[in-house]
Amino acid sequence: MDGGRGPGDVDLSVPNVARMYDYYLGGKDNYAADRALADQVLEVAPQTPALAQENRGFLQRAVRHLAGAAGIDQFVDIGAGLPTLENTHEVAQQVEPGAHVVYVDNDPVVLAHGRALLEGAAGTRVIQGDVRRPDEIFGSAELTGLIDLARPVAILLVSVLHCVRDDEDPWKIVRRLREMIAPGSHVAISHITAADHAANATAGADVYRRASTGMTLRPYPAIRRFFDGFELLDPGLVRLTEWRPREGAEPRRDLPTWYFCGVGRKH
Ligand SMILES: C[S@@+](CC[C@H](N)C(=O)[O-])C[C@H]1O[C@@H](n2cnc3c(N)ncnc32)[C@H](O)[C@@H]1O
């Protein structure tokens, strides 16, 4: 795709984090400016596409667990991103055919593509929302029309909280989300970090200063704090490949530790 204006009269000259991520995943919903900046990230952090794939793997394994053993049949996927292979509703409904899924994103291109993909898909909805305004998301009739907040729900915050700056207090956002969900609800989080090869991770994150949203790398304890008030499920807050790998799968050991992920349960 190329051109000057996109869906919803979007300025396509501004590199966009959702479309750069789509490029890393081999998607085609990205434009020249997105690819140019993503290529600059790849120069300093060439492992980024492999980590994006591993991040999707974490999301899918977490959703499979939540819809299966954890018995969750309602999902709110915040910062959902552009549709790709094995989206949340596809994974959840493989396990629990009646599962409801609400996708939330603040990017108009994501919303347009998401709505096109989901047209006619049962039990799913794409809504515009900003993770920094949790009350608006959970108070919207579009969400509560599909999600019963009196019952347990899973909130996915996969690869999105690092788009929120420290001065916007992402910990307060997660605390507020926890207050709004019923006991038995879960949260799944993945977040970028620079636990090794820090110079490359930092250089990659610096490139995002020119994108629609910056990237804040956070150390392990800061990411662990998102789970305050939740019981952190086994195996805890770990590298992407370490979160309940599929039986028989040989996890990649060659990737830097640039993400931590985990799933928590509210009692
Ligand atoms: C790296 S993508 C992650 C996509 C998907 N969750 C995944 O992990 O595969 C980050 C997504 O977060 C969205 N995003 C960034 N800031 C946001 C905000 N303040 N509110 C809602 N979504 C946001 C972007 O538009 C993008 O789609």
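This is a predicted model: local features need pLDDT of at least 70, side-chain atom pairs count only at pLDDT 80 or more; totals for chains, interfaces and linings use all residues.
**Aromatic pairs**

Let's start with the rings. Searching the whole structure turns up three aromatic pairs. One of them joins tryptophan 171 to phenylalanine 226, and since their planes sit at 10 degrees, with 5.3 Å between the ring centres, the pair is stacked. This pair bridges distant parts of the chain, 55 residues apart: tryptophan 171 belongs to helix H8 (residues 170–180), while phenylalanine 226 is in the loop between helix H10 (220–224) and strand S8 (231–232).

Next up are tyrosine 220 and phenylalanine 260, an edge-to-face pair with 85 degrees between the planes and 5.0 Å from centre to centre. Tyrosine 220 is in helix H10 and phenylalanine 260 is in strand S9 (residues 259–265), so this pair ties together parts of the chain that are 40 residues apart in sequence. The two partners get separate labels here: tyrosine 220 is partly exposed, with a relative accessible area of 35%, whereas phenylalanine 260 counts as buried at 9% relative accessibility.

**Charges over rings**

Tryptophan 171 turns up again here. The charged end of arginine 225 sits over its ring, 4.5 Å from the centre. That puts arginine 225 over a ring that is also stacked with phenylalanine 226. Arginine 178, for its part, lies over the face of phenylalanine 230, at 5.8 Å from the ring centre.

**Cavities and a pocket**

Now for the empty space. Rolling a probe the size of a water molecule over the atoms shows where such space is left. How many cavities of 30 Å³ or more are there? The count comes to two.

| Space | Volume | Lining by class |
|---|---|---|
| Largest cavity | about 130 Å³ | nine nonpolar, four polar, three charged residues |
| Second largest cavity | about 70 Å³ | six nonpolar, two polar, two charged residues |
| Second largest pocket | about 260 Å³ | three nonpolar, five polar, five charged residues |

The lining of the second largest cavity includes Leu51. Arg239, Leu240 and Thr241 also line that cavity, as do Arg252 and the run Leu255, Pro256, Thr257, Trp258 and Tyr259.

As for the second largest pocket, 13 residues line it, and those nearest its centre are Leu25, Gly27, Pro83, Thr84 and Leu85. Helix H3 (residues 48–67) supplies the largest share of the pocket lining, three residues.

How values were computed
Residues are numbered from 1 along each chain as its sequence is written. Side-chain values use heavy atoms; hydrogens and water are left out. Rings of Phe, Tyr and Trp (its six-membered ring) pair if their centres lie within 6.5 Å; planes under 30 degrees apart count as stacked, over 60 as edge-to-face and the rest as tilted. Helices (H or I, at least four residues) and strands (E, at least two) are DSSP runs, numbered from the N terminus. Buried means under 20% relative accessible area, exposed over 50%, partly exposed in between (1.4 Å probe, protein chains only). A charge sits over a ring if NZ of Lys or CZ of Arg is within 6 Å of the ring centre and within 35 degrees of the ring normal. On a 1 Å grid over the protein atoms alone, a cavity is a set of points where a 1.4 Å probe fits but cannot get out, and a pocket is an open set with protein on both sides within 12 Å along at least five of seven lines; lining residues have an atom within 4 Å of a point. Grid points are joined across faces, edges and corners, and a volume is the space filled by probe spheres set on the points. Ala, Val, Leu, Ile, Met, Phe, Trp, Tyr, Cys and Pro count as nonpolar, Asp, Glu, Lys and Arg as charged, and the others, Gly among them, as polar.
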